[in-house]
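Below are some notes to read alongside the model, as numbered points.

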Amino acid sequence: MRIDIVTIFPEIAEGPLGASIIGRAVEAGHVQIRCVDLRDFTTDRHRQVDDLPYGGGPGMVMKPEPFFAAVASLKTEGAKVILMTPQGKPFRQSMAAELSREEHLIFLCGHYEGVDHRVVEALVEEEISIGDYVLTNGTLAAAVVVDAVVRLLPGVLGDERSAEVESFSGDGKRLEAPHYTRPAEYAGMAVPEVLLSGNHGAIERWRESEGLERTRKNRPDLLGEG
Ligand code: ADE
């Protein structure tokens, strides 16, 4: 897979995507990730990427030309162009799974008040939001989406099962059960007996009921009990 992140702050994405599992996935050749400086696609002396909003209002709007030039330069036949914006569709595990089957993803990252809407109309196939809050910049949001997508690529996770049994995979309606490791007792707190029992049926039932309990407590919306 090839991924391009177009941003005025490439360093925001380079850090998180160069470390740990994603960094190793890049080194192993499972994915090629490039953080591209939008200012490299400006043509004026000041490398200006923003301007005042038509109709007035606070803040600046990102100009269309650098985005059009960047996409023209990066686009391949199978490329999917995505804009990171709080106005986008909520990002979900199911979306990560769909994106992991694409050949080439191009992420456009906004800054300031927003991006000239002609970019969305002419270039963008999908607008994605990582949650109902506003970041200073879409680059961190793109890094979040790229992390969630790349870990699903074949060969990236050591233990393939860990992507299958986790929260939000499958029907996406249950959180995972709690996990424990050694020691069996710590500071007076014991690991639940059933996990030490070796009884796989009982362990499976315990995990289901604990997962459900956690979902009720933290995410009742997933159960339609919001
Ligand atoms: N840019 C600013 N806030 C964002 C969000 N919540 N999701 C995606 N892009 C953003």
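Leaving aside its neighbours within four places in sequence, which residues is L123 in contact with? That is taken up in point 2, after some words on the model itself.

1. **Ground rules.** This is a predicted model, so local features need pLDDT of at least 70 and side-chain atom pairs count only at pLDDT 80 or more, while totals for chains, interfaces and linings use all residues. Residues are numbered from 1 along each chain as its sequence is written, and side-chain values use heavy atoms, with hydrogens and water left out.

2. **L123.** To answer the opening question: with neighbours within four places in sequence set aside, L123 is in contact with F67, F68, V71, V81 and R118. Contact here means heavy atoms within 4.5 Å. L123 belongs to helix α5 (residues 117–123); helices (H or I, at least four residues) and strands (E, at least two) are DSSP runs, numbered from the N terminus. With a relative accessible area of 14%, L123 is buried. The term buried stands for under 20% relative accessible area, exposed for over 50%, and partly exposed for in between (1.4 Å probe, protein chains only).

3. **The chain as a whole.** The protein chain has nine helices and 10 strands, and its C-alpha trace spans about 70 × 40 × 35 Å along the principal axes. Of its 226 residues, 40% count as buried. Among contacts with a separation of 6 or more, 74% are between residues 24 or more positions apart. The chain exposes about 13400 Å², and carbon and sulfur atoms supply 50% of that. Accessible areas come from the Shrake-Rupley method with a 1.4 Å probe; for residues, only the protein chains shown count as cover.

4. **The ligand shell.** Which residues surround the ligand? They are M84, T85, P86, I128, S129, I130, G131, Y133, V134, L135, G138 and A141, where being near means that one of a residue's heavy atoms lies within 4 Å. By class, the shell has eight nonpolar, four polar and no charged residues. In this scheme Ala, Val, Leu, Ile, Met, Phe, Trp, Tyr, Cys and Pro count as nonpolar, Asp, Glu, Lys and Arg as charged, and the others, Gly among them, as polar.

5. The protein covers 96% of the 260 Å² of accessible area that the ligand has on its own. The elements giving two or more residues to the shell are β5 (79–90), β8 (126–129) and α6 (138–150), and β5 gives the largest share, three residues.

6. **T139.** T139 also sits in helix α6. Why does T139 count as buried? Because its relative accessibility is 0%. Not counting residues up to four places away in sequence, T139 touches T7, F9, I12, A13 and C109.

7. **C35.** Strand β2 (residues 32–37) holds C35. With neighbours within four places in sequence left aside, C35 is in contact with I5, P10, A13 and E14.

8. **Helix α9.** The 19 residues of α9 (residues 200–218) should span 27 Å at 1.5 Å a residue, and the end C-alpha atoms are 26 Å apart, which agrees. The expected span is 1.5 Å times one less than the number of residues. The buried residues of α9 are A202, I203, W206, G211 and T215, and what covers them includes α8 (193–196). At the start of α9, a side-chain oxygen of N199 comes within 3.3 Å of the backbone nitrogen of G201.

9. **Backbone geometry to look at.** R182 and P183 are joined by a cis peptide bond, with omega about 5 degrees; P183 is in the loop between α7 (161–164) and β9 (185–186). R47 is a residue other than glycine with a positive phi, near 50 degrees, and is partly exposed at 33% relative accessibility. A187, too, has a positive phi near 50 degrees; A187 lies in the loop between β9 and β10 (189–190) and is exposed at 63% relative accessibility.

Note on methods
A polar contact is a pair of N or O atoms within 3.5 Å; within protein, one must be able to donate a hydrogen and the other to accept it, and residues adjacent in sequence count only if both atoms are side-chain atoms.
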